[in-house]
Each structure stands twice: as C-alpha cells, then as structure tokens.
Amino acid sequence: MTRRSRNSLPALLIAAAATAILVGPAEAGGTLTIGMTAGDLPPTTGNPDQGFEGYRFVGYNLYDSLALWDLSESEKAADIKPGLATSWHIDEGDAKRWIFELRRGVKWHDGCDFTADDVLWNMRYSADEKAPEFNPAQFAQARPYLGTYVGIEKVDDHTVAFQTKVPDALFPYEISYLLMISPCRAKEVKYDWTQYALRPSGTGPYKFDKTVAHQRLEFVANADYWDKTRVPKQDRLVLIPMPEASTRTAALLAGEVNWIEAPSPDALDRLKSAGMRIVTNIYPHNWSYQLNFVQGAFADKRIRQAANYALNRVEMKELLNGLMLEEYATVPPTAAYYGSPVLYKYDPDKAKALLKEAGCLPCKVKFAISTSGSGQMQPLPMNELVKSQLDAAGFDVSLDTMDWNALLKVGREGVADHLDINAINISRQTQDPFNALIRHVWTGAWAPKGSNWGHYSSPDVDKLVEGILSEFDGDKRLALLTKLNELMNEEAVLLFVAHDLNPRALSPKVQGFIQAQSWFQDLTRVSVAQ
Amino acid sequence: MTFYIARRMLYAIPIAFGVSLVCFSLVYLAPGDPLQTVMPPDATAETIAIVKHAYGFDKPIPIQYLMWLGHVLTGDLGMSISTRRPVIREVIDALSNTALLATFAVPLAFSLGYTMGAIAGCLPGRWLDRLVTGTAVIGVSLPNYWLGIVLVVVFAVELAALPATGMGPTGSANFHILDWSCAKYLVLPVMTLAMIPIGILSRTTRAAVAEVRNQDFVLTLRAKGLSEWAVIRHVLKNSLPQVMAVMGLQFGYLLGGSILVETVFTWPGSGFLLSKAIINRDVPVLQGTILSLSLIFVATNLIVDLLQSMVDPRIRRT
C-alpha cells in the first residue's frame with residue numbers, strides 16, 4: 001500500500017459511511033417466484049384465461065383498465081378506484097351514456113402515448129367482430145363484462161363516452177375487468193397475436209421480459225409506472241404454473257419458489273414448521289349450490305331453508321383445517337351491502353320440521369358436482385360432508401359427479417336442459433354487485449343468457465334490480481343492494497356453504513405483502529430479501 | 001425380408017388412419033366444450049356461438065375431421081386454442097423434453113430390468129430369484145405418482161441434494177445435458193419413470209428365461225456337453241423375442257411420457273402437455289399429441305416386429 005493510498009483510506013471509509021447513511025438501508029428488491037395453481041401460463045394478449053388467477057398475476061400486472069381495484073388494505077372489501085381513467089360520470093342528459101376522463105401523460109411500455117383512440121381501438125379489439133383488430137380469444141374473456149355495452153365514441157383526446165343498452169349504474173365495475181393493450185405494438189406485429197404474446201405491451205406496473213412456453217413467464221419492474229406508489233419493489237416477477245398442490249409445497253420447501261398459491265390444508269403444519277408464513281383473508285368467493293327453481297324440491301322455499309338449516313358449517317371448517325369462513329350469505333360480512341340478512345345457523349330439528357311441513361320427507365334431491373375445478377376447493381370431501389349432513393336432517397341426496405368441464409357445460413346451459421338436477425355446485429366470484437347478487441336472481445340473467453342457472457324469478461326482485469341499475473347515487477344504490485342481499489337470504493336462493501380464505505404460503509424472505517379482500521392482489525409492494 | 005418389411009409398413013397405414021379417426025372422435029365424445037379454455041364459466045350462449053364460429057367449431061364434425069385430416073397430411077396440426085401456438089411446435093417441444101427423460105430412463109430400465117430378470121430366471125427358487133421377484137413386485141406395485149412425491153420429499157426437501165421440480169432456472173430453453181446444474185433436474189423424474197418398466201421387464205424376462213430353460217433343446221445342449229455359460233447364452237437368445245415385445249411397449253410408454261410423473265415434477269413433456277390439454281379441452285393440442293404418440297407407438301411396434309424377425313427367423317415365416 002502506498003503512502004498516498006494509506007492517507008486516503010480514512011477519507012474513503014468516511015465517504016462510504018456517509019453514503020450509507022444518506023442512502024439508508026438497501027432496497028431488498030429480489031426476485032419473487034410464484035407457484036401458481038394454473039395448469040398453464042395465462043396468455044399475455046389482454047384479458048387472460050385461467051380464471052381470476054390469470055388476472056391476478058398476468059392481467060393486472062402487465063395491463064391496466066380504466067377503473068382499477070384498490071388493493072391497498074386488508075381490512076375492508078376491495079372496491080374500484082381510478083385507473084387509466086381519472087374519473088367517470090353519467091351524462092346528465094342521457095342515463096345510458098357514461099363519460100370517462102382519461103389519465104394524461106401515460107405511456108405504453110413500447111413508448112407510445114395512451115389516448116382516447118387507444119380505448120376505442122381496445123373496444124373494437126374486444127367486441128367488434130368485423131374490425132381487423134378483433135381477437136376472438138379476447139372477446140370470449142371480455143364479453144361477460146360487456147353485457148350492456150353498445151358502443152363508444154371519442155369526445156376528445158382524453159375523454160370517451162360509452163353507450164349502454166339500458167341505464168347501468170354498475171358499468172364502471174364491468175369496465176374494470178377490461179384490460180387495455182397497446183395498439184402500437186399490435187400494429188407493429190400486424191395483428192399476429194402469437195407474436196404479440198411474445199412482445200406484449202401494456203401500461204401496467206410490470207413489463208414483459210421473457211417466457212418459456214408452458215414453463216415460466218418473467219416480468220421486470222416498470223420503473224416509469226404512472227402510479228409512483230405502485231412501482232414494484234422487487235426487481236423481477238417469475239410465474240410458474242404448478243397445478244399439483246404437493247408439487248407446489250415441495251417447490252416452496254426446497255426454495256425453488258418463494259410464494260405458492262393454495263397450499264393443501266394438510267400441508268399447512270409442515271409449511272409452518274419450516275418457517276413459511278401462511279397468509280389468508282376473507283375474499284369475495286362463495287362455495288355454494290345454485291338451485292333449481294323450476295322443478296323439484298327446491299322450488300319450495302321451505303325446502304331451500306331446510307337445506308340451509310341442515311348444514312353444519314363449523315364441521316365443514318374443521319374438515320378444511322380452518323381454511324374457510326362459514327357462509328351464510330352470497331357475500332362475506334365485510335361486503336358494504338351485507339346488511340342484516342337472515343342467518344341459517346345449524347338447526348337440524350328446524351330443518352326436519354320444515355321438510356315435514358313441506359311434505360317432503362325423505363326429500364330426494366340430486367346435486368351435480370365436479371371432481372376438481374377453479375375455486376372448487378376440495379369438492380369431493382366437501383360434497384360428501386354436505387350430503388351426510390343433509391341426509392341426517394331428512395334429505396336423500398344423490399351426487400352426480402362429473403368432471404369440471406362437464407359441470408361448466410351444465411351450468412352454462414341452464415336448468416331448462418337439466419330439469420332432473422336440483423342443484424349445481426359451481427363456485428362463483430362475488431367481487432362486484434352484479435356478480436355477487438344480481439346475476440343469481442335477475443330474470444334478465446336466466447341461463448343460457450346469463451348465470452341465473454336455476455331460473456329464479458320474482459317481480460319484486462326484478463324491480464329492485466332495475467332500481468339498482470338505474471340508481472347513480474352511490475349511497476342510495478348501496479341501500480338497494482343491501483336490501484337485495486337481505487331479500488336473497490330471506491328467499492334462501494342458494495345453499496350457502498363456505499367462503500374460501502384464499503390461502504397462500506410465503507417464504508420468510510417475502511416481505512411487505514398485504515392480502516386484500518379480493519381475487520386480485522397487489523404484488524408491487526412485495527420485496528424479497530436476498 | 002424386404003417383402004416382409006413392406007407388408008408390415010403397409011399394415012401401419014390403416015392403423016394410423018384408424019388412430020386419427022379414433023383420437024379425433026374421442027375428444028368430441030367427452031362431455032364439455034372445446035372452447036372452455038378461452039371462455040369464462042359464465043359465458044352466455046350468444047358468446048359461445050360467436051367464438052365457436054370464429055374458431056371454426058360450428059361446422060359439422062365430419063367436415064371438421066376431413067379439414068383436420070387434410071391439414072395433418074401436410075404436417076399442420078392446427079393451432080392451440082389456449083396458447084395460439086402451432087400444435088406441431090407444442091408437440092415437438094414436449095416430445096423433445098420427454099425424449100430427454102426417456103434417453104436416460106430407457107437404458108436404466110432395460111439394462112437393470114433385463115439383468116435382474118435374467119439372473120432370476122437362471123436361478124429359479126434361489127434367494128437371488130426371490131429378491132429379484134420381490135423387488136420387481138414392489139417396482140410394479142408402487143404408484144409412480146407416490147414414489148415421485150416421496151423422492152422429492154427425501155432428496156429435495158429433507159436432504160436438499162436435488163431439485164424438486166421443473167427443468168431449471170431457465171426452463172427447457174437453455175437446458176444443457178452436460179451441465180450438472182441442468183442435468184440434476186433429470187435425476188428424480190428419471191428414477192421415478194424407470195421404476196415400473198424395471199419391474200415389468202424383470203418379471204417378463206424371468207418368466208421367459210425360466211420357460212426357455214425348460215424346453216427340450218436346452219436338455220439337448222446340456223447332453224452335448226456345452227458349458228453352463230454357453231447354455232445360458234442360448235437360453236437368453238431364445239427368450240429375447242418375448243422380452244423385446246415388452247421392451248417395445250415400455251419404450252413407447254417412456255417416450256409417451258407419463259402424465260403423473262411429469263405432473264409431479266412439472267416436467268414440460270408430452271404427458272404434461274396432454275394433461276393440460278385434457279383439463280383445458282384444448283382439442284387441437286389433444287388431437288395432435290394423441291396422434292403423434294399413437295404414431296410413435298405404431299412405429300415402435302413396427303421396429304420391434306422387424307427386430308424380432310431378425311432375432312428369430314421363424315416369425316418371418318409365420
């Protein structure tokens with residue numbers, strides 16, 4: 001060491017210490033590697049498949065919608081907030097015209113500016129069969145959220161107006177599911193969606209980096225994201241499809257991933273003993289049965305109530321190692337429109353009395369169930385337990401077990417083609433008022449046109465629904481929604497069983513995650529210790 | 001011999017055609033919708049009709065079959081509904097990953113199974129025979145799904161000696177077999193995949209060798225004063241056609257991948273591709289994969305038949 005360097009050593013140490021003090025503790029950054037339950041990688045061309053897991057990990061990370069979901073809190077049910085639109089309001093002179101003010105200064109990942117023309121292009125991409133940019137895969141995923149959409153017009157470069165078939169106060173919720181992709185990139189690849197999937201461009205907090213088909217999808221943080229509070233704290237996000245629960249558990253324990261979705265209940269103790277953190281929260285999911293109101297036992301309200309009284313949900317919770325919340329209404333109690341519904345607490349004597357009064361003892365019913373499926377939790381043991389509980393109260397339940405795809409077909413076709421089935425067990429998302437309440441009971445949503453599978457119909461309910469859809473005052477609409485939820489319970493329109501708790505297991509290195517009461521989650525605040 | 005080969009290859013053509021017809025029809029007989037992948041559970045009848053039209057699933061099934069067959073004959077297996085990638089690309093990628101497993105599982109299973117079976121067959125009733133037979137029964141009886149999980153728990157989770165899943169940090173894109181950081185991902189799936197063929201082959205070989213040993217010509221060989229080694233050589237050669245038939249089937253099984261093994265290890269091979277295509281009702285991928293695997297089976301059987309006829313000329317004459 002020379003004399004000069006010896007002299008400069010203290011100065012260097014001081015400078016290093018000062019830098020450390022000024023900069024503070026180093027950002028953890030790191031790579032977040034997630035083992036998804038999905039059987040395959042969700043597509044990156046807009047609205048993804050693989051259920052809401054596709055939206056959670058791919059859709060809302062690469063892309064934004066005009067209205068986004070506020071996922072910053074764990075204590076209350078998530079609601080929508082401004083996204084690519086800064087505000088929206090109904091046209092004062094036309095109750096079927098929604099005006100959205102668009103966010104200025106937003107850029108696509110490819111560098112183009114986000115404008116009103118892009119929103120119009122995205123609506124043609126999603127809904128106009130005759131447009132050159134129309135993509136049937138996008139249409140299939142987006143269509144269920146565009147039930148009342150008729151058209152769109154550009155008001156100016158930063159304002160668009162949507163036209164709906166009927167007054168639709170819930171339209172902003174529907175539009176929150178429509179993800180916006182870059183027309184610039186789409187034109188660059190000449191509308192070749194296979195190429196676009198390999199070079200996607202959105203406005204979201206993550207940018208696409210690379211993928212290996214079926215194996216892994218890698219995103220990097222978008223440092224220029226327009227919402228500076230949501231610039232990702234981790235450097236890289238890696239998504240790996242792992243449909244098998246035991247494989248996900250092993251991968252987490254072996255350190256190959258640091259986050260897994262839906263660990264199986266019997267693996268929880270092993271994961272905890274290895275220092276993993278199990279995170280759960282209520283979220284808008286229901287595991288229930290939609291009932292046949294056209295023919296058979298459940299056309300009688302007393303029998304629907306009897307079935308609900310016959311269910312011992314505490315026992316069901318024990319079966320699932322505590323990973324559920326007892327379901328007494330379509331939505332969990334934290335929903336803003338929960339109100340004070342009739343709660344059908346376990347009362348087998350009351351169930352028997354109701355069946356006797358209805359003259360249906362033993363009461364033969366047939367349930368269509370699946371062996372697996374998105375959001376279906378543990379369908380076989382859960383259905384067996386439901387059957388044993390109902391049988392003990394005077395029912396005679398037969399289970400018609402089919403694969404998930406076949407059950408979905410039964411669900412889509414509706415009760416008219418399956419009159420011999422008394423109930424179907426398809427788990428549903430209840431994220432927004434339409435999907436939580438209206439679609440189950442509105443005559444306008446009878447399957448196959450909508451998802452009112454059992455063709456429930458009531459003039460009072462339909463009038464209430466029309467009131468909700470045409471009520472643009474938030475507080476007044478909330479009161480109507482609360483009334484509908486209470487009415488649905490009074491009518492026992494579903495056989496309520498369980499709300500899933502959305503369990504996931506995290507490595508102790510994963511920091512900063514807040515589990516929102518939503519199907520979607522904000523990964524941007526997560527960092528991974530090195 | 002040339003006539004025999006030509007005749008066997010001609011037989012393969014109607015078999016391949018039959019396979020294409022069966023695999024096309026099977027996926028339509030199964031309940032559910034071929035467009036389930038791209039449609040959410042609450043898709044309406046109107047949405048389904050529009051999407052079916054866009055994907056060409058609204059045409060009558062015989063027309064769809066003929067169109068599909070026409071494309072297949074030109075090497076075009078269509079596009080995957082879920083990934084919009086060409087099916088031929090999907091199948092080739094998956095088959096090459098499975099072939100990687102088979103490259104190691106086949107020699108392991110065949111050499112171990114054949115050696116164990118031959119030893120047991122030559123020493124019937126001895127302790128070594130009992131040991132081999134017992135081991136073979138265990139190999140055949142253990143569900144490979146369960147065995148895979150146990151191996152993962154022991155070697156990946158508890159001992160942290162081998163990786164649990166996948167093909168490494170970059171997936172199959174940069175997999176180098178000579179690089180241990182990649183090759184170690186093969187160890188557990190290969191062991192799991194080889195277990196059942198080891199059991200089956202050792203049992204078959206034992207039975208074949210024991211049967212040949214009891215034939216009159218063996219007595220003649222011994223009477224002629226041949227050494228025991230020379231007799232065993234004759235016995236093994238004569239038992240080979242029977243063993244080769246089973247090897248052919250097992251080769252097809254290993255090359256076809258195992259849905260369960262590849263699912264446990266998330267190994268992106270043909271079995272994993274097939275399972276995803278079944279779950280998603282990705283009809284073009286399902287048809288393309290089944291057709292490719294079936295043709296591999298047909299080709300394997302053809303090769304085995306030819307090899308058998310070379311080893312045992314009596315087969316040619318029948």
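B:A160 lies in the loop between helix 6 and helix 7 of chain B. In this predicted model, the phi angle of B:A160 is near 50°, a positive value in a residue other than glycine. B:A160 counts as exposed because it has 12 C-beta neighbours inside 10 Å, and the cut-off for exposure is 12 or fewer.

A:Y191, although not a glycine, has a positive phi of about 55°. The residue is found in the loop between helix 6 (183-188) and helix 7 (193-198) of chain A. With 16 other C-beta atoms within 10 Å, A:Y191 is partly exposed. Most residues other than glycine have a negative phi, and most peptide bonds are trans. The bond from A:L361 to A:P362 is cis, with omega near -5°; A:P362 is found in the loop between helix 12 and strand 15 (363-370) of chain A. A cis bond also joins A:A447 and A:P448, where omega is about 10°, and A:P448 is found in the loop between helix 15 (433-441) and helix 16 (459-469) of chain A.

Chain B contains 13 helices and 0 strands. Its C-alpha atoms fill a box of roughly 85 × 55 × 35 Å, taken along the principal axes. Of the 318 residues in chain B, 41% are buried. Among contacts in chain B with a separation of 6 or more, 72% are accounted for by residues 24 or more positions apart.

Two packed helices are described by the angle between their axes and the distance between the axes. In chain B, helix 4 (residues 87-122) and helix 9 (residues 228-255) pack at an angle of about 150°, with their axes 10 Å apart. Because of this angle, helix 4 of chain B is roughly antiparallel to helix 9 of chain B. Helix 4 of chain B passes helix 9 of chain B in a right-handed crossing. The residues that helix 4 of chain B brings to the contact include B:T98, B:A105, B:F110, B:Y114 and B:C122, and among those they meet in helix 9 of chain B are B:I232, B:V243, B:M247, B:Q250 and B:L255. The residues of this contact between helix 4 and helix 9 of chain B divide into 16 nonpolar, 2 polar and no charged.

Helix 10 (residues 301-310) of chain A packs against helix 12 (residues 348-358) of chain A at an angle of about 160°, with axes 8 Å apart. The two helices, helix 10 and helix 12 of chain A, are therefore roughly antiparallel to each other. Helix 10 of chain A passes helix 12 of chain A in a left-handed crossing. In this contact A:R302, A:I303, A:Q305, A:A306, A:Y309 and A:A310 of helix 10 meet A:P348, A:K350, A:A351, A:L354, A:L355, A:E357 and A:A358 of helix 12. The residues of the contact between helix 10 and helix 12 of chain A comprise 9 nonpolar, 1 polar and 3 charged.

A:R304 also has its place in helix 10 of chain A. A:R304 counts as buried, with 24 C-beta neighbours inside 10 Å. Not counting residues up to four places away in sequence, A:R304 touches A:L291, A:F298 and A:A492. In the loop between helix 4 (136-142) and strand 6 (149-156) of chain A, A:G147 is found; A:G147 is buried, with 22 other C-beta atoms within 10 Å.

The largest nonpolar core has 218 residues, and those with the most contacts inside it are A:I34, A:L239, A:A310, A:A423, A:I424 and B:A105. Helix 7 (residues 180-213) of chain B provides the largest share of this core, 14 residues. A:I34 touches A:F57, A:V238, A:L239, A:I240, A:V257 and A:W259, not counting residues up to four places away in sequence.

The contact between the chains takes 45 residues from chain B and 44 residues from chain A. On the side of chain B that touches chain A, helix 2 (45-55), helix 6 (144-158), helix 10 (259-264) and helix 11 (270-280) of chain B each supply at least two residues. The largest share of that side, 6 residues, comes from helix 2 of chain B. The residues of the side of chain B that touches chain A divide into 24 nonpolar, 14 polar and 7 charged.

Key:
Residues are numbered from 1 along each chain as its sequence is written. Chains are lettered from A and ligands numbered from 1 in the order in which they are written. This is a predicted model: local features need pLDDT of at least 70, side-chain atom pairs count only at pLDDT 80 or more; totals for chains, interfaces and linings use all residues. Axes are lines fitted to C-alpha atoms, for helices over the stretch in contact, and angles run from 0 to 180 degrees between N-to-C directions. Helices (H or I, at least four residues) and strands (E, at least two) are DSSP runs, numbered from the N terminus. Angles under 35 degrees count as roughly parallel, over 145 as roughly antiparallel, 65 to 115 as roughly perpendicular and the rest as oblique. A crossing is left-handed if the near helix is turned anticlockwise from the far one by less than a right angle, and right-handed if clockwise. Two residues are in contact if their C-beta atoms, placed from the backbone, lie within 7 Å. Ala, Val, Leu, Ile, Met, Phe, Trp, Tyr, Cys and Pro count as nonpolar, Asp, Glu, Lys and Arg as charged, and the others, Gly among them, as polar. A nonpolar core is a set of buried Ala, Val, Leu, Ile, Met, Phe, Trp, Tyr and Cys residues joined through C-beta atoms within 7 Å. A residue is buried if 20 or more other C-beta atoms lie within 10 Å of its own, exposed if 12 or fewer, and partly exposed in between; C-beta atoms are placed from the backbone.
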